[in-house]
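Here is a short briefing for a first look. Keep the sequence and the structure side by side as you read.

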Amino acid sequence: MNESTSQSESGQVPIRNSQSEFRNSEMIVFDDVSKFYGEILGINRVSLHIAPGITSLVGPNGAGKSTLMNLMTGLLRPSRGRITILGIPTDQPEQLFRKLGYCTQFDSFPRGLTGEEFIRSFLLVHGVERRKAKELTQVALERVSLVEAGKRKMAAYSKGMRQRIRLAQAIAHQPEVMILDEPLNGLDPMVRAETIALFRKLAAEGLHLIISSHILHEVDMMSDRVILLNNGYVVAEGNVHGVRDEMQDRPMQILIRCDKPAKLAARVFDKDHVVEARLHDDRLGLFVKTRDSDRFYLMLNSVVAEGEINIESIAPVDDDLSAVYQYLIGSEGSNS
Amino acid sequence: MSSSTIDVKPEGIEKPPLPWALWWRQIRAIFRLEIEKNFLSRRSILLYLLALIPIVPLVLLAPFTPPGDEWQDFGRYNMIFAVYYGGLILRTVVFFGCAWIFMNLFRGDMIDRSLHFYFLSPVRREILVAGKYLSGLVTSIILFTGTTILAMLLLYLPHFPSESSRFFLDGHGLGQLLTYCGITMLACVGYGAFFLVVGLFFRNPIIPAIVLYGWEWLNFLMPPLLKKISVIHYLQSLTPVPVSEGPFAVVAEPTPAWIAVPSLVLVTVLVLVIASRRIRHMEIRYGGD
């Protein structure tokens, strides 16, 4: 991640725009990490510095997202390279899991426990005192809106409830780093929105949240930055818009809504950075593809100033995660 | 001269004290979770059935004395029990019971895909091994010493009530009963450690369990040196009533209790150290990308 690691809105942590402002002891660091399962590649030569905030891992199935997460949590050991989480090596679980919570994808639990017992039992395993464990359990259940259901056996939970109780267990000891593997799976739209809001709140409190998700528009909505993975390699990383800007071989597509799109087309067409201008089907807009969006916006400013064409709106069409994903990884994974 | 009497220690040399209180809390928490699983999960049904195997025939025999001279003579009951205990309780029930309990401590969690909850806790893996082993040990000891006690009482009391009362209250009965219980406990200690490690190293632990079962049963045919590489040899050395192993048995001096007991405990500790090292480097791969 090379630039812009701005915090979430209403952040209590001072906003530091450059990653270089963070020390390694505040970041998740992958130093030339590879993981092979025998002959099969998990991830290859990954070097990352992940600052606080929400970072999403995006990629098709088998891209290496879960491998990356399991490596971060020490469930897997790297074949090569070194990983530290806030300065702690991942082979020291005694220190690591005081600061880290991991909500895995595995939809399984110790049998016969209620949600409350499940969370409390593992807080006790952490070494938390009994009374404190009870308090923390309540806080965690409240955060995922499962206070009532917490008294029921988990065997009777719906998929969404199981997902939430796992999330509660991962946040119960109030970690500084949370790793969440597909945390929105199985949640209904209402709970999804609540959960995303919770993530944003946790990020605003200065936590690291590493989230893998298949739902690109949700990732786009909640992430401060993304890491795009494909076939075990990091294809791109950073702020979505920053990543999109870097893709100079892919001209930026912009839709301009205006009253005289044909006239505007004539104006923009002779610019050397504009590679395509096409009228919208409803003839009230113009699609423009440009290699230099900054120069294009400057030019539009002068058009507006002249007052001959009335421009209603300007919107980049492919400046989102879906487009970036499509360009870098291809259509194959875009829906996965 | 006010020469420096202050003991200056370079920073970072003194290690912080070991967090025994924390470890003990963690062991207790793991123990509680595991003991509940051992006694109340679906897997424990098989364990209860196994523990009942030696009891059922004795309950059926209780209302009447079976034919045969040996059953009419109270003096021969200690030999009957010694054979029953050695053949059925120790070599079969305790052996397979420990196999089931201890192999499942880790393997069961892997099958249930719930081991990662422990691995994602700030617990030294050695503490995890200790907590789980302790829970297995307590479970097996409660079940199988229970079986041992019940079996002995059910053999003696229904057929010769007054002689049996005297035997247990005034004679050697109580001593024998406690010795058998002690042997059962030691068997749980030894077999437990072995099966815990087997559950960690083998995807299908049944095969090594059967190999060990064969090894333990064929122990009587082995030369004295090989006999000592088994758990059963040390346990048999402790039995209060020696049982003949048949005409083909290779006779070897029993190991004295002061060697047998510490040897078993020492081997158990070594095996648990191996288990701890194994689990320290263990990865969880029951899910893919």
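Two residues are in contact if their C-beta atoms, placed from the backbone, lie within 7 Å. By that rule, the contact between the chains takes 31 residues from chain A and 27 residues from chain B. The model is predicted.

**Where the chains meet**
- On chain A, the elements that give two or more residues to the side touching chain B are α1 (65-72), α2 (93-99) and α3 (115-126).
- That side of chain A has twelve nonpolar, 14 polar and five charged residues.

**Domains of chain A**
- Chain A is divided into domain 1 (19-245) and domain 2 (251-317).
- The centres of domain 1 and domain 2 of chain A are 42 Å apart, taken over C-alpha atoms.

**Nonpolar cores**
- The largest nonpolar core has 142 residues. Those that touch the most other members are A:Ala168, A:Leu209, B:Val94 and B:Phe195.
- Helix α5 (residues 77-112) of chain B supplies the largest share of this core, 16 residues.
- A second, separate core has twelve residues, including A:Leu264, A:Ala277, A:Leu286 and A:Leu300.
- Leaving out residues up to four places away in sequence, A:Ala168 touches A:Ile119, A:Ala140, A:Leu141, A:Arg143, A:Val144 and A:Leu146.

**Chain B**
- Chain B has 13 helices and zero strands.
- Its C-alpha atoms fill a box of roughly 90 × 65 × 40 Å, taken along the principal axes.
- Of the 289 residues of chain B, 36% count as buried.
- Take the contacts in chain B between residues at least 6 apart in sequence: 85% join residues at least 24 apart.

Note on methods
Residues are numbered from 1 along each chain as its sequence is written. Chains are lettered from A and ligands numbered from 1 in the order in which they are written. This is a predicted model: local features need pLDDT of at least 70, side-chain atom pairs count only at pLDDT 80 or more; totals for chains, interfaces and linings use all residues. Domain bounds come from an automatic or database domain assignment. Helices (H or I, at least four residues) and strands (E, at least two) are DSSP runs, numbered from the N terminus. Ala, Val, Leu, Ile, Met, Phe, Trp, Tyr, Cys and Pro count as nonpolar, Asp, Glu, Lys and Arg as charged, and the others, Gly among them, as polar. A nonpolar core is a set of buried Ala, Val, Leu, Ile, Met, Phe, Trp, Tyr and Cys residues joined through C-beta atoms within 7 Å. A residue is buried if 20 or more other C-beta atoms lie within 10 Å of its own, exposed if 12 or fewer, and partly exposed in between; C-beta atoms are placed from the backbone.
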